[in-house]
Structure formats: C-alpha cells, structure tokens
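Open your viewer and get your selection tool ready.

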Amino acid sequence: MQQIRHMFKKELKAYFISPIAYIVIAIFLIVAGWFFFSPFFIRGQATMRYFFELLPFIFSFVVPAVTMKLFAEELNTGSYELLMTLPVNFRQVLIAKLLAGTVFTALMLLPTVAYPVCIAFVGDLDWGPVIGGYLGALFLGFVFSSIGLFASALTKNQIIAFIIAAAICFALTILEALLFFLPLSIVDFLAYLSVTVHFDNISKGVVDSRDIVYFLSVSFVSLYGAYLVLSEKQ
C-alpha cells in the first residue's frame, strides 16, 4: 500500500509539472463552459441536464489526452525498465497510475461545480440529479482512465495512445445513438456495452448495481489488458 501511495503522489505531481496538463484543463473548461452556457441562456431552464448529456463526448477526448503519457512516455524514454527494477509489481503500478489519472480528471472537473452554484442563484435547481451527474462523471473518468492506461501500454508514441483510447471511448459513448440502426437481436447486448446508458442512469440520480458492475467490469478488462501487454514487454 505504501508503494502505491508513493507512486500515486509521484504520478499526480508529474501532471502539474507538465504544461500539457494545464492546456488540457483549459481546453476542457472552455469547451464545457461554451457548450453549457450557450444553450443555457436560450432555454432559460435551471438544470444541469444538458451539461451532463455532453460530458461523455467531451471526456472521450479529454481523458485520453490526460492518460496518453502514463506508460507511453516511460516506454519511449526507457524509464519503464528502471521502474520495474524497483520493489513494485505490475498491479501496484497499474493501480497507482489509474488513481492518478482518475484524481486528475476529478480535479479538472472540480471548477465546473461553479455551474450549478450559479444556476441555483437564478433558479430553483434540483440538486439530486446534479449530485448523481457528478457521481456518474467520476465513474466515467475512472473507466476512461483505465482505457487510456491500456492504450498507453500498447505503444511508445503518445499520439497513437491518444488516438486508440479516444477511438475506444468515443465508440462506447456513441454506441447508444447507433442502436436504432442495428438488428433487434443484438440491441440489448450493445445497449449494455454503451457507457452513455449507464452514465445517464446515474446522472438521473438512479444508482443501480448493474451500472456499477458495468463500470468496474470495463475498468477491470482494460487493466487486465494493460497487464498482459506490459508482461510481454518485460
């Protein structure tokens, strides 16, 4: 546990040393703010629903940008071999890096808490869906970070890692919109694979064990995939 905590602090601190982290945060806040406030004044409704509807699409590109360097940078510079000489194992490294990516995503999301606070001053805001939406956002960041971790383990090139992770995250996000065009025999199965379906459930304030199991399962599969890839590289 001590090794995980030490590596987690090291990885999280490394984010704030790099200017890329601040660029990603700035882009996220600008894009999220634009897509939220533009329709907000037009619709004139005291709700965060439109913000949370857009969040999976924004996260599917932002989170891969956050996680693309977690392994790719070390594989490129050769510091990964040095890391493996330390008294740590794959499981501890994966957990520490996943926690760092998830916590950074949560910190990136933190300034948007000002949105519902501002809305509450001008209208009667229902805080239940807001709390559910942010809880779902944390699960979403956790899942996309694990996918980004897997993509980063596949290659030494950070751009390729970003493209792979973004493609997977976007596919899981847009899957719900494609269900209308797919055969009925596979709709239920593919609907379960859609991250948007499970995120929407939680963002509405409905915390179902099936949604929790989905997020944990996707994260486990991604981490196990990263474990197998890194095992081959050793």
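Predicted model: local features only at pLDDT ≥ 70, side-chain atom pairs only at ≥ 80, totals over all residues.

Residues are numbered from 1 along each chain as its sequence is written, and side-chain values use heavy atoms, with hydrogens and water left out.

**Switch to cartoon**

Now you will see 12 helices and zero strands (DSSP runs numbered from the N terminus: helices are H or I with at least four residues, strands E with at least two). Of the 234 residues, 47% are buried (under 20% relative accessible area, 1.4 Å probe, protein chains only). Among contacts with a separation of 6 or more, 75% join residues 24 or more positions apart (contact means heavy atoms within 4.5 Å).

**Select the core**

Next, pick Phe28, Met48, Phe51, Leu55, Phe59 and Phe144, the residues with the most contacts inside the largest nonpolar core, which has 58 residues (a set of buried Ala, Val, Leu, Ile, Met, Phe, Trp, Tyr and Cys residues joined through side-chain atoms within 4.5 Å). Helix H8 (residues 127-154) gives the largest share of this core, 10 residues.

Stay on Met48 and show its surroundings. Leaving aside neighbours within four places in sequence, Met48 touches Phe36, Tyr115, Pro116, Ile119, Leu125, Val130 and Tyr134. Click on Ile119, in helix H7 (residues 114-122). Is Ile119 buried or exposed? Ile119 counts as buried because its relative accessibility is 1%. Draw a C-alpha to C-alpha distance from Ile119 to Met48: 8.5 Å in space, for residues 71 apart in sequence.

**Finish in the cavity**

Three cavities of 30 Å³ or more are present (on a 1 Å grid over the protein atoms alone, sets of points where a 1.4 Å probe fits but cannot get out; lining residues have an atom within 4 Å of a point). The largest cavity holds about 80 Å³ of space (the volume filled by probe spheres set on the points, joined across faces, edges and corners).

To see its lining, select Tyr15, Ser18, Ile20, Ala21, Val24, Ala65, Val66, Met68, Lys69, Phe104 and Gln158.

How values were computed:
1 Å grid on protein atoms, 1.4 Å probe; cavity = no way out; pocket = protein on both sides within 12 Å on 5 of 7 lines; lining within 4 Å. Buried < 20%, exposed > 50% of the residue type's maximum accessible area, 1.4 Å probe, protein only.
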